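Dear colleague,

Please find the structure we talked about below. My notes on it follow.

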Amino acid sequence: MNNKEIIDSIKKSTLAILKSSINQTEIEKELNNIHLHFQKLTEITGFDTKIEHLAAVPLAKGKALGLNHAAQCLLDYKRTVTFLKAVVLAIKEKKKTHPKETIHFFYAGCGPYAPFITLIAPLFTPKEIQFTLLEINKASVESAKKLINLLNLTDYFQEFYLADAVTFKVPEASKFHILFSETLDALLYRESYVPILYNLLPQFNKNVILIPENVLINMSLSNNSKSNSDFTEQKIETILDVRKAISSCKQHPIPMRLPDKKIDFSSLNMNTYKSILLDTQVHVYNDIWLKRSESSLTLPLEITLEQPFKNEAIIFTYQIEPSIELKCKLA
Ligand SMILES: C[S@@+](CC[C@H](N)C(=O)[O-])C[C@H]1O[C@@H](n2cnc3c(N)ncnc32)[C@H](O)[C@@H]1O
């Protein structure tokens, strides 16, 4: 295939993915086709064994995924399709509310394939949308730049910063309409979505569209193991709502941990439950959500309860230092 044919093939696959009628098998086929082109163009497969492609990158807070994992995100099919749809919708909405302006998109954490410019830009004109990229991994920056050049997308592209989004001060932050940062994992483990929002959000205009808009971690109790057919569960409470936590915490820099969340068991008959389930729900944009097990980002964690259960409460703490993770202890 020549370059024009590759560009056409990628666009055709993207348009197919965005159709509401597409089924899962077709989605996988189209994303695999895109991945094949991206890996040929960048020479990054996402599956090689080079140490520097495997290693996570330390940040001011947390760790960034290694290059291979960042590349493989493209093949988290439901995740990628859901985010693509959300981004297209957000751009269209911003175009409606700002009809005479070029929409400015800030992409924090683009990975080696930068799919939210390389797949999205060809659906618009450079007058309609301009992208600014930021990424901490030098090899990802080089790969994404190469791809943007080979796909003839340089007219859509303003700046590329090799920097940590946890500490970066965004030049001309008020010009941006959309802030995109898929820097998260299930239970908000290790990756830096929370400190990134803490740093970046206050810099942008208050009407900026953030994608993903929010992340919730919910707790439920179940009377059986998830693998059992008579499994039922009772939703207990949201133990972390990232946007609420960030807006109620004005301290700078970000504190070592967010305030504790205590779940009191006194009104529950804890001896009837077999396990605690912790669910990550990603509120992508408007009514678009990624729910349980739809993506690697939303895999639930099941904690078996040892019976007889004598504890009165469980206390959750989202810790930022020394490592980013949700901790819990029984009281
Ligand atoms: C989950 S991958 C997503 C890659 C790509 N945007 C996608 O959606 O397929 C997250 C990317 O963000 C980068 N990243 C994570 N934390 C970062 C930070 N604090 N500053 C800059 N880049 C970061 C990682 O290096 C990685 O390339």
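Two residues are in contact if their C-beta atoms, placed from the backbone, lie within 7 Å. Among contacts in the chain between residues at least 6 apart in sequence, 73% join residues at least 24 apart.

Before the rest, two remarks on how to read this. The model is predicted, so local features need pLDDT of at least 70 and side-chain atom pairs count only at pLDDT 80 or more, while totals for chains, interfaces and linings use all residues. Residues are numbered from 1 along each chain as its sequence is written.

Overall fold. The chain has 9 helices and 15 strands, taken as DSSP runs numbered from the N terminus (helices: H or I, at least four residues; strands: E, at least two). Its radius of gyration, over C-alpha atoms, is 21 Å, close to the 20 Å that the globule rule (2.2 Å times the number of residues to the power 0.38) gives for 331 residues, so the chain is as compact as a globular protein of that length. The C-alpha trace spans about 65 × 45 × 45 Å along its principal axes. Of the 331 residues, 38% are buried, that is, with 20 or more other C-beta atoms within 10 Å of their own C-beta atom, placed from the backbone.

Ligand. The shell around the ligand holds 26 residues, of which A64, A70, G109, G111 and A165 are the closest; a residue counts if its C-beta atom, placed from the backbone, lies within 6 Å of the molecule. Two or more shell residues come from each of α6 (115-118) and β4 (129-135). By class the shell has 16 nonpolar, 6 polar and 4 charged residues. Here Ala, Val, Leu, Ile, Met, Phe, Trp, Tyr, Cys and Pro are nonpolar, Asp, Glu, Lys and Arg are charged, and the others, Gly among them, are polar.

Helix packing. Helix α2 (residues 24-42) packs with helix α7 (residues 138-150) at an angle of about 105°, their axes 9 Å apart. Axes are lines fitted to C-alpha atoms over the stretch in contact, and angles run from 0 to 180 degrees between N-to-C directions. The two helices are therefore roughly perpendicular (65 to 115 degrees). On the α2 side, F38, L41 and T42 meet S143, K146, L147 and L150 of α7. These contact residues divide into 4 nonpolar, 2 polar and 1 charged.

Helix α2 also packs with helix α5 (residues 77-97), at about 85° and with axes 10 Å apart, which makes α2 roughly perpendicular to α5. Here I27, E28 and L31 of α2 meet Y77, T80 and V81 of α5.

Regards

Note on methods. Buried ≥ 20, exposed ≤ 12 C-beta atoms within 10 Å, placed from the backbone. Parallel < 35°, antiparallel > 145°, perpendicular 65-115°, else oblique.
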